[in-house]
Amino acid sequence: MLSKLKLAIVPFLFPAPFISAQPTATHAARTLIRAGHLLDVKTGKLLDGETIVVAGDTIQSIAPTAQITSQPGDAVIDLGALTVLPGLIDVHTHLTMNPNFDPYYEITQTSAKEAINGVANARVTLLAGITTVRNVGADGFVDVDLRDAINSGQVPGPHMQVSGPLIGITGGHCDDNLLPIQYHAVGDGVADGSPAVQHMVRQNIKYGADLIKICATGGVLSKGDDPQASQFTLEEMQAIVADAHRLGRKVAAHAHGAQGILWATEAGVDSIEHGSYIDDAAIAEMKKRGTYLVPTLYLEDWMIEKGNLPPFYHQKMIDVSAVAKSNIKRAMQAGVKIAMGTDAAVYPHGLNAHELDVYVNQLGMTPLSALQTATINAADLMGWTAKTGTLEPGKWADIIAVDKNPLDDVRVLQDVKFVMKGGVVYKNEGK
Ligand SMILES: [Zn+2]
């Protein structure tokens, strides 16, 4: 309720050119969404002529259009022949960051700049049909403030779970390694040894983190480390997971190298991010424990075509790209659970749905399974199954629409025509 009041005020605060992405706030008791086609992402069944009844921020009911007549005061949105489905979920974003890997740009980012990036990127992401994100890494807890600003209706953006600063070892992927020692640059989440990592988990939670993000191995876009080398020890990760889980937070582990993937999985993390060098032992352990794999593969295609990386990142990107897709494909075929993550920020925000095109048209996943990675599975990984991931009464009214059935061509998800989040319309190019 509070958020709707604030949204209604926004247009009076900004000149017209800046309000195009502001929601069309409706004061009606109910909103009826007339859907030409409605896709059930659980079964893949396409229903014709359905109406979704939205009350406040929630789906109240869904039934054949003939059965739901509008009442006085209802707002009616006729989406014509569009195909309606749940808003998509991206479980690996960095909304406060932009795709610029010039070292001087990187070291001159401030929390203020990152907050401004976040406001702009949250809007772009939402308008692309991503109604929920898990944001896995931001300096200075800027992501906490962005999440809160979105939730209060101050700025448009997706529902967010945020990690705050990435937790990692000294000199690792999650440290700041671009400057020599006299600058004393240290990443916000750097910690070594079990007591120190436990303290960092507790500190991140203190300042607003919904989940914990750690760096289990080296990475690509960091100076002087090896993506295949493990960084945290098994014992450090066990300490992290024990604290996080006891305090009600899930753990996401950045991991490229096979040993780091295995150790993080054995330590009990909830998801492995990237997983580029995943091997049979890691696949078996992830399957045994039900650990999610979050591949971030479209970024490789984008980088090869348009990337402009400094030399100390460039070779690592080539090496990882040479093996990641075939390894991830084996993990998919073996039945490891997959949730869609993109690493948006490594390439421009808003291209998130390209990730599903890679799963289907390069790795051979069925379109329905791919869609489930960005809906049902992603919601499960986030612990938000009761709130989102499917269109069902009682869940958030997070609803998108596209021109065609995405099961015929997942690329149609790259051009979303209608976006409602929490019962508020942010985009309507229907009809
Ligand atoms: Zn990332």
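The zinc ion is coordinated by three residues, His92 (NE2), His94 (NE2) and Asp343 (OD), at 2.1 Å. Donors here are N, O and S atoms within 2.8 Å of the metal (3.2 Å for Na, K and Ca), and water is not among the atoms, so sites may look incomplete. The model is predicted: local features need pLDDT of at least 70, side-chain atom pairs count only at pLDDT 80 or more, and totals for chains, interfaces and linings use all residues. Residues are numbered from 1 along each chain as its sequence is written, and side-chain values use heavy atoms, with hydrogens and water left out.

**Zinc site**

- Along the chain, the donors of the zinc ion follow the spacing H-x1-H-x248-D.
- His92 counts as buried because its relative accessibility is 0%; buried means under 20% relative accessible area, exposed over 50%, and partly exposed in between (1.4 Å probe, protein chains only).
- His94, at 7% relative accessibility, also counts as buried.

**Parallel sheet**

- An open sheet is formed by 4 strands in the order β9-β10-β11-β12, with parallel pairing. Helices (H or I, at least four residues) and strands (E, at least two) are DSSP runs, numbered from the N terminus, and two strands pair if DSSP finds at least two bridges between them.
- β9 (211-215) and β12 (292-294) stand at the edges with a single partner strand each, so one side of each has no neighbour in the sheet.
- On average, neighbouring strands of this sheet are turned by 25° against each other, direction ignored. Axes are lines fitted to C-alpha atoms, for helices over the stretch in contact, and angles run from 0 to 180 degrees between N-to-C directions.
- Helix α6 (residues 234-246) packs on the sheet and touches β9 and β10, where contact means heavy atoms within 4.5 Å. The direction of α6 makes about 150° with that of β10.
- β9 and β10 (residues 250-255) run parallel and are joined by 5 bridges; Ile214 stands opposite Ala253 in β10.

**Hairpin**

- Strands β2 (residues 46-55) and β3 (residues 58-64) pair in the antiparallel sense over 6 bridges.
- The two strands form a hairpin with 2 residues between them, and Gly56 in the turn has a positive phi of about 60°.
- Ala55 has Thr58 in β3 as its bridge partner.

**Disulfide**

- The whole structure contains 1 disulfide, defined as a pair of cysteine sulfur atoms within 2.5 Å.
- This disulfide joins Cys174 to Cys215, with an S to S distance of 1.5 Å.
- Cys174 lies in the loop between β8 (159-162) and α5 (194-206) and Cys215 in strand β9, so the pair ties together parts 41 residues apart in sequence.
- Both Cys174 and Cys215 are buried.
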